[in-house]
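This report describes how side chains pack together in one protein. Please keep the sequence and the structure in view while reading.

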Amino acid sequence: MSLEKLSTNELRVVEETRPLEPSVRSKTPLRHYLWVPLLVLALGFESFHVYLDWVAPTTVQLRQIGPDFSHLASHCAHIPAISPDSFLARQDALARTLHSLNVAAYIAEPGASAGFFANLSRSHWGLSERPLLLIIQPQTGDEGTVRANVSILTPAFEETRARTLPIPSDAGVTYTSWAEDANPFSTALNLVPDLADATIYVDGDVRTFITDGLQKAAPEAKVLNAPVEVKRLRERKSSEELDIMKCVNEVTVLAIRAVRKHTKIGMRESEVKQLMRSALSAAGLTDIFSLVLFGDNAALPHGGGSDRVLGKHDFILIDTGGALHGYHSDTTRTFALDTSAIPLRYQALWQSVHSAQRHAMLTARNGTVTAAVDHAARKVIKEAGYGQYFTHRLGHGIGLEVHESPYLRGGSDDIILSGHAFSNEPGIYIEGKVGVRLEDCFYIDDDGDAKYLTEGVGGQASSPWSP
C-alpha cells in the first residue's frame, strides 16, 4: 500500500504500530551520560550543605527557645569581686595570728582557704599527685610590725605557669620549685627557718599524703591542723563578703520565683531543673546546682533519681544555688502553683516547717551555742507531732564553700559570732507521701542579731503560693 494514498488518520495508525527498526537505536556510548548521576549527587550535597548552614540551625534555635530570664542579669551586675587590698589584709591577719600562737608557717593547697588568703582557688589550679602549696609565714619588721611572707611551692616544669597565678602580695611572692626526682616536702620546708621544735599549721582540707610528707620531712617539727583561731578568719565574713553573699542569695530566690511562673502541671522534674539552671545562668552565676523534686519524691531529702511528672496535688521542692565571685548561695523553696490543689494536711506541714525556721532565727545570736539553734527548730516540729520526720541537722556554714564550718547541729559546742553565716533549713519528710523543706541563709550582724541574706527580696517565704 502506498503511503501517499492513506488518509491522515490511517497514517497515524501506521506510525503508532510500526515496529522499531535497528536504524533508530542510539549509537552514543553510555559514558557520555555519566554526568547525569554526578549532577544529581552534586545537587544533593549542595542541598545538604544548605540544610546544615541555614535550615538546621534555625530548627535548633526554635527548639531551644524558652523563657527569657535575662532580667535577672542586672541584679548583681554592680557587685564587685574581692579587692586586692582585702587579700593583703587577710594575709597580714593570718600572719599576726600565727605570730601570736608562735607558729612558723601555714600551708594550704589550692581551694577555699587558699582562695580566701591568696586568691588561689581550684579553678586557678587543679589538684594532682604533684603538690602546689601556698606557704604563709609571719615576718616581723624593724618596727615590730608583723606582715605576711608569701611563698608558692611548685613543680619545676610548672613554674612558668605558677608565676601567672593572680596572687596578691605586698612584698612579692617567692616561688620555689621542686624537680621530679626531688622530695617536694623537704623543698617546701627549706623555706622555713629553725625547724627544730617549730609548729607548722596545715589547712584542714590539705590531703593526708601531704601532711604526712611534711611531717616525715621535718620529724623534729610539729605539723598540725590549723585551729579555730585560724579557721575563724574565714568563717567570719566581712561587709565586702556579705554584700556578695546577699546578692547571690537574693538572685537565687528571684530565679526560683521566675521559674515558678513557667512551671505547669504535667511537666517533669528534669524540665523544671533545666529551667532553674537557665535562670541562674542568666543571672550570671557559676557552679550552679539544682535539685527539683515533686510530691513524694521530696520525702527523700536529696532525691531518689526518678523523673516524676508534676500532679495537681503535688508540692514542688527546689533546692538550688550558684556562686558569685566565688561565694555561694543555697536556697530551698517548697511551693505550689496557682492551679495546684494541695491537701490541707500537707499545707499544715508547710506551716510547721515555716514556724521552725522562724524560731531558729529568733534563737541565733552572737554568743549562742550552735546546738541551741538546731534545738529551737526541732522543738517546733516535734511539738507538731513530726519530730521523727526531721531527719537532718538544721544548717551549715556557707561562704566560699556551700558547706563549711561551723554547723547548726545537735551535740555541737561551737559558738556563733558576728560575721558567721549559716543555712537555716528545717524539713519534714514522710516517705511515700510528702516532703517539705524551707531554706534561707542568714548572717549575724554587728549588733549580734540574725539577718536573712535574702532580706532584700523579702527573706523567708510567706506562703506555699508565695515563695
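A charge is said to sit over a ring if NZ of Lys or CZ of Arg is within 6 Å of the ring centre and within 35 degrees of the ring normal. Arg 345 meets this description, lying over the face of Tyr 346 at 4.8 Å from the ring centre. Arg 90 likewise lies over the face of Phe 87, at 5.2 Å from the ring centre.

The model is predicted, so local features need pLDDT of at least 70 and side-chain atom pairs count only at pLDDT 80 or more, while totals for chains, interfaces and linings use all residues. Residues are numbered from 1 along each chain as its sequence is written, and side-chain values use heavy atoms, with hydrogens and water left out.

**Overall composition**

The protein has 12 helices and 17 strands; these are DSSP runs, with helices (H or I) of at least four residues and strands (E) of at least two, numbered from the N terminus. Of its 467 residues, 47% are buried, where buried means under 20% relative accessible area, exposed over 50%, and partly exposed in between (1.4 Å probe, protein chains only).

**Nonpolar cores**

A nonpolar core is a set of buried Ala, Val, Leu, Ile, Met, Phe, Trp, Tyr and Cys residues joined through side-chain atoms within 4.5 Å. The largest such core has 68 residues, and Tyr 106 and Ile 318 have the most contacts inside it. Helix α9 (residues 239-260) supplies its largest share, 10 residues. The core lies between domain 1 (84-234) and domain 2 (239-457), because both give residues to it; the domain bounds come from an automatic or database domain assignment. A second, separate core of 30 residues includes Ala 356, Phe 422, Val 434 and Ala 450.

**Aromatic pairs**

Rings of Phe, Tyr and Trp (its six-membered ring) pair if their centres lie within 6.5 Å; planes under 30 degrees apart count as stacked, over 60 as edge-to-face and the rest as tilted.

| Pair | Centre to centre | Angle between planes | Type |
|---|---|---|---|
| Phe 116 and Phe 117 | 5.0 Å | 80° | edge-to-face |
| Tyr 386 and Tyr 389 | 6.3 Å | 50° | tilted |

Both Phe 116 and Phe 117 are buried. Tyr 386, at 26% relative accessibility, counts as partly exposed, and Tyr 389, at 25%, also counts as partly exposed. Ring pairs link Phe 116 and Phe 117 with Tyr 106 into a cluster.
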